[in-house]
Amino acid sequence: MRLRTCVIAALGMFLVGVGLTGPAAAQAYDPNYPVCLRVYGGTLTSDYIDCRFTSLPECRATASGRPATCSVNPFYAGPKKPPKRRTHRYRDE
């Protein structure tokens, strides 16, 4: 009887813990682009972040006339470097 009570209590605490946690959020910033646009939602739409701009003027042109701001992407990884070419060294025999 005592074991059953402990199991039911543990199960109840587990279900409460699962119920209180929310969904996990994904990273909103794309590390491939240096500038992000954040659009502020209203009553019918939600906020979102769009990181697909290569410059601040390009982002500001898109944000013009909208409730939005442009900012530098904090997760920008920088330009991709080409892989190093391996040079073949030949030995004189």
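1. Start with the link of cysteine 36 and cysteine 51: it is right-handed, with 105 degrees about the S-S bond. The two ends sit in distant parts of the chain, cysteine 36 in strand S1 (residues 35-39) and cysteine 51 in strand S2 (residues 48-53), 15 residues apart. Bear in mind that this is a predicted model. In it, the sulfur atoms of cysteine 36 and cysteine 51 lie 1.9 Å apart, and the pair counts as a disulfide because the cut-off is within 2.5 Å.

2. Are these two cysteines buried or exposed? Cysteine 36 counts as buried because its relative accessibility is 2%. Cysteine 51 comes out at 6%, so it counts as buried too. The cut-off for that label is under 20% relative accessible area.

3. Now for the other bridge. Cysteine 59 and cysteine 70 form a disulfide, with 2.1 Å between their sulfur atoms. This link is left-handed, at -95 degrees about the S-S bond. It also ties together distant parts of the chain: cysteine 59 belongs to helix H2 (residues 56-63), cysteine 70 to strand S3 (residues 68-72), and they are 11 residues apart. Cysteine 59 has a relative accessible area of 0%, so it is buried.

4. How many disulfides does a search of the whole structure find? The count is 2. Numbering the bonded cysteines along the protein chain, the pattern reads 1-2, 3-4. If you want to look at both in your viewer, pick out cysteine 36 with cysteine 51, then cysteine 59 with cysteine 70.

How values were computed. Residues are numbered from 1 along each chain as its sequence is written. This is a predicted model: local features need pLDDT of at least 70, side-chain atom pairs count only at pLDDT 80 or more; totals for chains, interfaces and linings use all residues. Side-chain values use heavy atoms; hydrogens and water are left out. Helices (H or I, at least four residues) and strands (E, at least two) are DSSP runs, numbered from the N terminus. Buried means under 20% relative accessible area, exposed over 50%, partly exposed in between (1.4 Å probe, protein chains only).
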